[in-house]
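Here's a quick briefing to read with the model open beside you.

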Amino acid sequence: MEKKLKDGMFRDVLKAGLLTGVGLVAVGIVSALLKWELSGYNMATGLLTWAVIAGCSWYFCKARALSAGDAGYSYGQCLGFIVLTGVVSGVVAGIGYVLIRMVMADYYAMVVDAAIERSREMLESNPLFAGSAENIEESMSVSARMASNPALIFIGSLFNTVIAFTLIGLIVSVFTKRQADPFYEGPAEE
């Protein structure tokens, strides 16, 4: 049973990661199509993203723990499974977000411009930055270049997704772990 469980780990992580990554990209597409970033519904996008991560983590990890049978599936095994799923989901989501931003370049240019304008207003209203208009302009131009760089979008998406899966996994693992049967003696020798 243990060998069978380890053999199926990669398959299960890949399946869970691909499906969750597609779910995250779907949230990104809905958010872009409904123009939530420009209309002030960023919180809705964030909540949907966290809900997809939590729901998929719970579902796939619970299925994985149940497949362990009498051998059990510990908290650490659940957390490891969820974090590895987060890595695969991060790669899928990162590629998806880069593609969405390429397809909807005009829309995301407006989103970046609006975000930079908000940042500029915040910096200009801060008394610590008074009299440093050229520094503010330089930081805004660097921010604009970074926000449109596909490699940084991918790396940022991957990093953020793995962090989110790890944080949610710390909680979900408590509920999805499965205690081993105390009388289980391991797989039968053949």
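This is a predicted model: local features need pLDDT of at least 70, side-chain atom pairs count only at pLDDT 80 or more; totals for chains, interfaces and linings use all residues.

**Helix packing**

- Two packed helices are described by the angle between their axes and the distance between the axes.
- For α2 and α5, the axes cross at roughly 40° and come within 7 Å; axes are lines fitted to C-alpha atoms, for helices over the stretch in contact, with angles from 0 to 180 degrees between N-to-C directions.
- The contact of α2 with α5 has 17 nonpolar residues, seven polar and one charged.
- The helices are DSSP runs (H or I, at least four residues), numbered from the N terminus.

**The largest pocket**

- The largest pocket holds about 800 Å³ of space.
- Its lining has 28 residues, and Glu 37, Tyr 97, Arg 101, Ser 157 and Asn 160 are the closest to the centre.
- A pocket here is an open set of points on a 1 Å grid over the protein atoms alone, with protein on both sides within 12 Å along at least five of seven lines; a cavity is a set where a 1.4 Å probe fits but cannot get out, and lining residues have an atom within 4 Å of a point.
- Helices giving at least two residues each to the pocket lining are α2 (9-33), α4 (42-67), α5 (75-103), α6 (105-125), α7 (133-147) and α8 (150-176).
- The largest share, seven residues, is from α8.
- By type, the pocket lining has 15 nonpolar residues, 10 polar and three charged.

**The cavity**

- Searching the whole structure turns up one cavity of 30 Å³ or more.
- The largest cavity has about 30 Å³ of space, and α2, α4 and α5 are the elements that give two or more residues to its lining.
- Among the residues lining the largest cavity are Ala 16, Thr 20, Phe 60, Phe 81 and Phe 165.
- The cavity lining has six nonpolar residues, three polar and no charged.

**Residues to find on screen**

- Thr 176 sits in helix α8 and is buried, with a relative accessible area of 0% (buried is under 20%, exposed over 50%, partly exposed in between, with a 1.4 Å probe and protein chains only).
- Not counting residues up to four places away in sequence, Thr 176 touches Trp 58, Cys 61, Lys 62, Ala 65 and Cys 78; contact means heavy atoms within 4.5 Å.
- Gly 72 is in the loop between α4 and α5 and is buried too, at a relative accessible area of 5%.
- From Gly 72 to Lys 177 is 105 residues in sequence, yet 7.7 Å in space, C-alpha to C-alpha.
- Val 27, in helix α2, is buried with a relative accessible area of 9%.
- Setting aside neighbours within four places in sequence, Val 27 is in contact with Thr 45, Leu 48, Thr 49 and Val 52.

Definitions and conventions. Residues are numbered from 1 along each chain as its sequence is written. Side-chain values use heavy atoms; hydrogens and water are left out. Grid points are joined across faces, edges and corners, and a volume is the space filled by probe spheres set on the points. Ala, Val, Leu, Ile, Met, Phe, Trp, Tyr, Cys and Pro count as nonpolar, Asp, Glu, Lys and Arg as charged, and the others, Gly among them, as polar.
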